[in-house]
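These are my notebook entries on a model with the sequence alongside. I went through single residues, then sheets, the interface and the core.

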Amino acid sequence: MVAEPIIKTINLKCQYGPVTALKDLNIEINKNEILGIIGPANSGKTTFMRSLNRLNYLNPSYSQTGRIIFEGKDIKQIPDSQLRKKIGIIFALPQVLPISIFNNVAYGPKVHGITNKSVVEEIVETALKKAYLWEEIKDRLDLPANKLSGGQQQRLCIARTLAVEPDVILYDEPCSGLDPISTAKVEDAMRELKKYYTQILVTNNTKQAARVTERCGFFLMGDLVEIEETETLFTNPKDKRTDDYITGRFG
Amino acid sequence: MNAAKVREKVAFTILGLITLLIVLPIVLTIIYVAKNGAGTVTWEFITQPPRSGMREGGIFPAIIGTIVLIIGTMLFSLPLGILSAIYLVEYAKDNLFTRMIKLSVVNLSGIPSIVYGLFGFTLFVVFLKFGTSILAGSLTLGIMSLPVIITATKEALETVPASFREISLSLGATRWQTIRYCVLPYSIPGILTGTVLSLSRAAGETAPILFTVAAFYLPRLPHSVFDQVMALPYHLYVIATQVPNMPARLSFATGLVLIVLVFLMNLVSIFLRAHYRKKKQW
């Protein structure tokens, strides 16, 4: 029996002004899986992710057709703030707000109306533990967040997203600015989070996709070329272009 | 020394001289005014109304008048200016209409102040029947200050990194929450600077208050916003040109008080800005 996918796109087409970024995307994402998205620059990976929580609309020239179904509902019917609470995103570079570690994580609960101090403290602690950061920083929660190292900042961003209790977490090349050890820590956090969340990982690093993901899609020039079990995709790709990309012949 | 270093030295010297050329007239003016007026600025001068056809006594009503006008201007132009700028930067879509508004704002800041004075007179004093009053004068000065406040606020908002807004929105915050928590706290120093600059300019203007509020001679203090008041710049104009046999030291002293008042306002803004800067961490 196959469960209903948590996210499904139907003929999704995305454009920035006259430029088409995604041509005609039909993709299904299952609950609690880690889906990898690989592909060269300008292949539409980031556009795909940011279409899921409507962040693309921050760009005034953006337009899209087709449908995106989230938990059985067209996302057009969900208010932006509700949708973005359910579908969190981690950006490429660690982007913390210039406030304390605690307040970074508490920001989300605060805007969603949680004011009780002890409740917020508990949410912050839980989120930081889930993001594997608690042990490192539990004594200095009042420190400005940008004093942390890059890897710590990125895990702080994960904690900040977790604090609003999303169902889906999107990662937009989350380790592109990180050293290998920090990267490993972020990846550990992702594996651990699999129990509770559906995760989508866009990455330029094919090895990372192979390490972390269960299923993996290959994007090229706005097309989804192939989507397979990660192992199959990397060992026995059907499409020649996928093979060329993962063996490093282009891209 | 090689040629490049010599050229650099020459360029720096020239730039330094140009800077001096700009600063010098200001410094000389202040020194000149202070030298001729300082002796006259006594406690009596700043706390007593003028007497004997303004040739004696102090300028207390004019000081109070100017302060009242600054406060009135602020009450009107601050909320309106800051809210307009927030709308233009954070909400307005980029279309012909908003581009026209932005263009008008830029153009309005270049309009001579006497035009604002006549406009205020026609609209507030005559048409809306406020009469020559604090209300009419404050509104006129407020309209004159708006373009500067809007421009300064706009620039301050635009310097806040787009990523802050993106983070906040991505966590499910509404647009207003994003502005309130992630944009305004980081743009307050810039907004303050622009606002105080425009208010101190308003404090020193004569033309906009000439027909709308300023009294030639009114030694009592105002009772309501529909009263006239004396104001420092206009009083200075009056005693310097309209009253025969006026001792020049009184004009200098009045000028000095006005300069000090404006300087104090700027000082407040510098302190506030330094205070908020300390919180800025990016």
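The scale I used calls a residue buried if 20 or more other C-beta atoms lie within 10 Å of its own, exposed if 12 or fewer, and partly exposed in between, with C-beta atoms placed from the backbone. The model is predicted: local features need pLDDT of at least 70, side-chain atom pairs count only at pLDDT 80 or more, and totals for chains, interfaces and linings use all residues. Residues are numbered from 1 along each chain as its sequence is written, while chains are lettered from A and ligands numbered from 1 in the order in which they are written.

V33(B) sits in helix 1 (residues 3–37) of chain B. For elements I take DSSP runs numbered from the N terminus, helices being H or I of at least four residues and strands E of at least two. Setting aside residues up to four places away in sequence, I found V33(B) touching F252(B), G255(B), L256(B) and I259(B); contact means C-beta atoms, placed from the backbone, within 7 Å. From V33(B) to F271(B) I noted 238 residues in sequence and 26 Å in space, C-alpha to C-alpha.

Next I checked A207(B), which is in helix 9 (residues 207–210) of chain B. A207(B) is buried, with 20 other C-beta atoms within 10 Å. Leaving aside neighbours within four places in sequence, its contacts are S113(B), I114(B) and G117(B). The C-alpha atoms of A207(B) and V115(B) are 8.2 Å apart, though 92 residues separate them along the chain.

I then took helix 4 (residues 96–108) of chain B, where one of the 13 residues is buried, so the helix lies largely in the open. Helix 4 of chain B reaches 18 Å from its first C-alpha to its last, close to the 18 Å expected at 1.5 Å a residue. The expected span is 1.5 Å times one less than the number of residues.

On to the sheets of chain A. An open sheet of four strands runs in the order 2-1-4-5, with antiparallel pairing; a pair needs at least two DSSP bridges between the strands. Strand 2 (19–29) and strand 5 (73–74) of chain A are at the edges with a single partner strand each, so one side of each has no neighbour in the sheet. Two bridges join strand 4 (residues 62–70) to strand 5 of chain A, and I69(A) stands opposite D74(A).

Another open sheet of chain A has six strands in the order 6-7-8-3-9-10, with mixed pairing. Its edge strands are strand 6 and strand 10 (223–229) of chain A. Strand 3 (residues 34–38) and strand 9 (residues 215–220) of chain A pair in the parallel sense over four bridges, where I37(A) has G217(A) as its bridge partner.

For the interface, I read that 21 residues of chain A are in contact with 17 residues of chain B. Helix 2 of chain A gives the largest share of the chain A side, four residues.

Last, I looked at the largest nonpolar core, which has 137 residues; A127(A), A159(A), L170(A) and A231(B) touch the most other members. Such a core is a set of buried Ala, Val, Leu, Ile, Met, Phe, Trp, Tyr and Cys residues joined through C-beta atoms within 7 Å. Helix 6 (residues 134–158) of chain B gives the most to this core, with 14 residues.

Key:
Contact = placed C-beta atoms within 7 Å.
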